[in-house]
Amino acid sequence: MKIELDTYDFDIILACFWLNEDGKWEGTIKKNLDDNTNAKIIVSDKITLVIRQPGEPN
């Protein structure tokens, strides 16, 4: 499997992956992601969001 990613300096959204029109997964991920970041993962059939857990520092 191959996933192509771009990186951005997000604040609350840590990563986002989605199914494109060709049925392939694409995504973005936060730059400089800390190892100890608490996150919530929201999954549907066409998109997955990884967001910073409420109350976590930036």
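**Exercise 1.** Identify the bridge partner of Trp18 in S3.

*Solution.* Strands are DSSP runs (E, at least two residues), numbered from the N terminus. In S3, Trp18 has Glu26 as its bridge partner. Glu26 lies in strand S3, residues 25-30. S2 and S3 pair in the antiparallel sense over five bridges, where pairing requires that DSSP find at least two bridges between two strands. In the hairpin of S2 and S3, five residues stand between the strands, and Gly23 takes a positive phi near 80°.

The model is predicted: local features need pLDDT of at least 70, side-chain atom pairs count only at pLDDT 80 or more, and totals for chains, interfaces and linings use all residues. Residues are numbered from 1 along each chain as its sequence is written, and side-chain values use heavy atoms, with hydrogens and water left out.

**Exercise 2.** Determine which residue in S5 stands opposite Ile13, and which is the bridge partner of Ile42.

*Solution.* Strand S2 (residues 13-19) pairs with strand S5 (residues 47-52) in the antiparallel sense over five bridges. Ile51 in S5 stands opposite Ile13. Strand S4 (residues 39-43) also pairs with S5 in the antiparallel sense, over five bridges. Leu49 in S5 is the bridge partner of Ile42. Three residues separate S4 and S5 in their hairpin.

**Exercise 3.** State whether Glu26 is buried, partly exposed or exposed.

*Solution.* Buried means under 20% relative accessible area, exposed over 50%, and partly exposed in between (1.4 Å probe, protein chains only). The relative accessible area of Glu26 is 31%, so Glu26 is partly exposed.

Conventions: Helices (H or I, at least four residues) and strands (E, at least two) are DSSP runs, numbered from the N terminus.
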